[in-house]
Structures are given as structure tokens and as C-alpha cells.
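Subject: Handover of a structure

Dear colleague,

Please find the structure below, followed by an account of what was found in it.

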Amino acid sequence: MQKIHRIYTVLRTFYGPQSWWPAKTSFEVVVGAYLTQNTSWSNVERALGSLRRAGKLSVEGMSSLSVGKLGQLIRSSGYFRQKSRSLKAFLAYLDARHAGSLRRMFARHRTTPAALLGLREELLELHGIGRETTDSILLYAGNLPIFVVDAYTRRILVRHSIISEDVSYEAIRKLVEKALGPRHGSEKPFRTRPAAVIRSDLVRHFNEMHALLVRVGKDYCYKSDPNCEACPLRKLLPGQLLQKHSGKDHSG
């Protein structure tokens, strides 16, 4: 856990604040989390632009669309038929359980960790939403303290010998959350600080850690032929692995 916190510290110093997620509203974060599945962010931006120009980038606007019309507007994101059905399923859930209000949905689940996990389980039952999408919605749209695990997280932690290849999503999530908690970081202990302040700090740390791992993954820790020599995490790579991954081919 200490090494995970060290990775966070090094990347935060190297890159500075990332301030994710790039969106104007919480609902835009939700839509973006769905649309970014299996595609690049540039394709998502085009789809969001289409929705915005059509005046439909809101709960009310998107609810007024048929599945087919919504699919056409988000076509650039790929898998648009599947994603349009998934978004409509989320809107139906939001209307039925939370009176169509994201604010109400998130507010009801801020009080305890159990309440947050309860909301998480509800979302995971919806069509077309997995753990990464669900946790992105909770963290970035809801400002709720849950860490998002993606391919970059797994790749970097595996290469630094922190986890093995077969570790589950949930195990990684809990490991990072514990590593960035006040007991292992620079924050004051839980018992000396109000719960709302603790929650806000955790959200900030989980937000930044996820964004920083994505950044270093895109810049250096490529899936194949990574540039370990130039990576800001180079000094944290285990010695035998650094020797293996260094050299003219920069493989890692």
C-alpha cells in the first residue's frame, strides 16, 4: 500500500492536478461514462457535441428521444444501438427510483459506505453498465468516494509488482482505496476530522489518482513497447524489471 501512495505522490508532483472529469454537468459525466466504453474520448466528444447541438444533453432532453433517434445522435461513439438502449435503461431507472433527479440519487447515498455500495449494486444491475462505468459515475458525477479501476491501473500496478495479472477488479479497487486513505497518506486520522471533510478528501484523491494513472499510461506505460526510461515512475520500478524493460527498445 505504501508503494501505491508513493506512485500517487510522484505522479502528482510530476503532472500536477488533473481536475477530471471534463464535463459541464453531472449528467454529461454520466452520458460520457456510458459513451466512452470501447472507444476513444475524441469519438465521445463528437457524440456529446451532437447531443448538445440538438438540445438533448439533459435528463429531460434525452428522455424525450426514442432509442433510435438517440442512437443516431451518439453514432460517432460506436456501438451506438447498444449504448442508446443502455442510456435509456439508466433514464428509466432514474425516473422510477429517484424521480428523474441525479441530485436526489446521489444525495441519498452520501451518508454511509453501506449506502454508497447499495447504490453501486443498483446501478450494476442495469443493462449495459459494468464496474468501471458505474464507479466513474459515482466518483465523477456524484463526488462519491469510490476508486475507478481501468486497464491503465491494472497495467501499471502489475508492472510494478504490486498485484498479479489475475487480481479482480474489486480487490484492486479496495487496495487503492485503502492505500490512499488517511491512515496511509498525509491526511489527518479519520477520528479527528468531520465525516464530510474525510469524504471530500477521499473523492479528491481517488479522482486524481485515476486521472494520473490514465495520464502516465497514455504518455509512457503503453500496452506494448512502453517507454520505461522516460517514465516518471522509473525509479519505483523493481530493479530486475527495470533492467529487463530498459534499453534501446524501451520495452516494459
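In the protein chain, 61% of the contacts with a separation of 6 or more join residues 24 or more positions apart, a contact being heavy atoms within 4.5 Å. The model is a predicted one, in which local features need pLDDT of at least 70 and side-chain atom pairs count only at pLDDT 80 or more, while totals for chains, interfaces and linings use all residues. Residues are numbered from 1 along each chain as its sequence is written, and side-chain values use heavy atoms, with hydrogens and water left out.

The protein chain holds 13 helices and 0 strands; these are DSSP runs numbered from the N terminus, helices being H or I of at least four residues and strands E of at least two. Of its 252 residues, 50% count as buried, that is, under 20% relative accessible area with a 1.4 Å probe, protein chains only, where exposed means over 50% and partly exposed lies in between. The accessible surface comes to about 12400 Å², and 51% of that belongs to carbon and sulfur atoms (Shrake-Rupley method, 1.4 Å probe).

The largest nonpolar core has 71 residues. Such a core is a set of buried Ala, Val, Leu, Ile, Met, Phe, Trp, Tyr and Cys residues joined through side-chain atoms within 4.5 Å. Helix α12 (residues 195-219) supplies the largest share of this core, with 8 residues. V31, F90, M105, F106, L123, M209 and L233 touch the most other members. One of these, M105, touches F90, Y93, L94, H98, L119 and L123, if residues up to four places away in sequence are not counted.

Helix α2 (residues 26-35) and helix α6 (residues 80-98) have axes that come within 10 Å and cross at roughly 145 degrees; the axes are lines fitted to C-alpha atoms over the stretch in contact, and angles run from 0 to 180 degrees between N-to-C directions. From α2 the contact involves F27, V30, V31, Y34 and L35, and from α6 K83, S86, L87, F90 and L91.

Finally, N143 lies in the loop between α9 (131-141) and α10 (151-159). Because its relative accessibility is 44%, N143 counts as partly exposed. Beyond its neighbours within four places in sequence, N143 is in contact with R110, L138 and V203. N143 and R110 are 33 residues apart in sequence, and their C-alpha atoms are 9.1 Å apart in space.

Yours sincerely
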